[in-house]
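Here is a short briefing for a first look at this protein. Start with the display, then read the points by topic.

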Amino acid sequence: MTAWFLQRMEGNVQTEVGPLRPSELLAMVRKGEIKPETRLRKNDSAWFPASDVGGLFEAAVRQEVQYYCPSCGIRISQPPRTCPRCLRDIGRGEAREVKPEKLTADIALSSEPEEHKESKQSVQNWLQKKVAGKQKK
């Protein structure tokens, strides 16, 4: 199993958090606790920025689907599976799916470097002015 570790600076003290499962790492990105510049390592590798983990921030902006047993209502992992509480066998289409409406952190923007955000915004402003100018003619 892959174990992830992250570095945190608390004042002048650097601490190491982990081992973390991939799902825990993804949850921390969704909460905004891990930013692109956060230092990570996988197992015993060297430290690297979180932005180097391919697909991490993209996966965090995808909606997480949660599944619930149709009989007893507890949260379960993705079907097909047997409910651990009521022991009902649940097929793929039987579980109730709940998709969250909005993520708490704006992860897509936080993964962009600050200078890219500013240049992207200035290009958008320029384009809006250009389109507005053509509409007036």
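Two strands count as paired if DSSP finds at least two bridges between them. Strand 1 (residues 4-10) and strand 2 are joined by six bridges and run antiparallel. The model shown is predicted.

**Overall make-up**
- The protein contains four helices and nine strands.
- Along the sequence, their pattern reads β-β-α-β-β-α-β-β-β-β-β-α-α.

- An open sheet is built from four strands, in the order 2-1-3-4. Their pairing is antiparallel.
- Strand 2 (13-20) and strand 4 (48-49) are the edge strands. Each of these pairs on one side only.
- Strands of a sheet pair through backbone hydrogen bonds, either parallel or antiparallel.

**Helix 1 against the sheet**
- Helix 1 (residues 22-31) packs on this sheet. The helix touches strand 1, strand 2 and strand 3 (39-42).
- The direction of helix 1 makes about 130° with that of strand 2.

**A residue pair to find**
- Which residue in strand 2 is the bridge partner of Q7? The partner is E16.

**Burial, surface and contacts**
- The protein has 137 residues, and 25% of them count as buried. Buried here means under 20% relative accessible area.
- The accessible surface of the protein is about 9700 Å². Carbon and sulfur atoms hold 50% of that surface.
- Take the contacts in the protein with a separation of 6 or more: 41% of them come from residues 24 or more positions apart.

Note on methods. Residues are numbered from 1 along each chain as its sequence is written. This is a predicted model: local features need pLDDT of at least 70, side-chain atom pairs count only at pLDDT 80 or more; totals for chains, interfaces and linings use all residues. Side-chain values use heavy atoms; hydrogens and water are left out. Helices (H or I, at least four residues) and strands (E, at least two) are DSSP runs, numbered from the N terminus. Contact means heavy atoms within 4.5 Å. Axes are lines fitted to C-alpha atoms, for helices over the stretch in contact, and angles run from 0 to 180 degrees between N-to-C directions. Buried means under 20% relative accessible area, exposed over 50%, partly exposed in between (1.4 Å probe, protein chains only). Accessible areas come from the Shrake-Rupley method with a 1.4 Å probe; for residues, only the protein chains shown count as cover.
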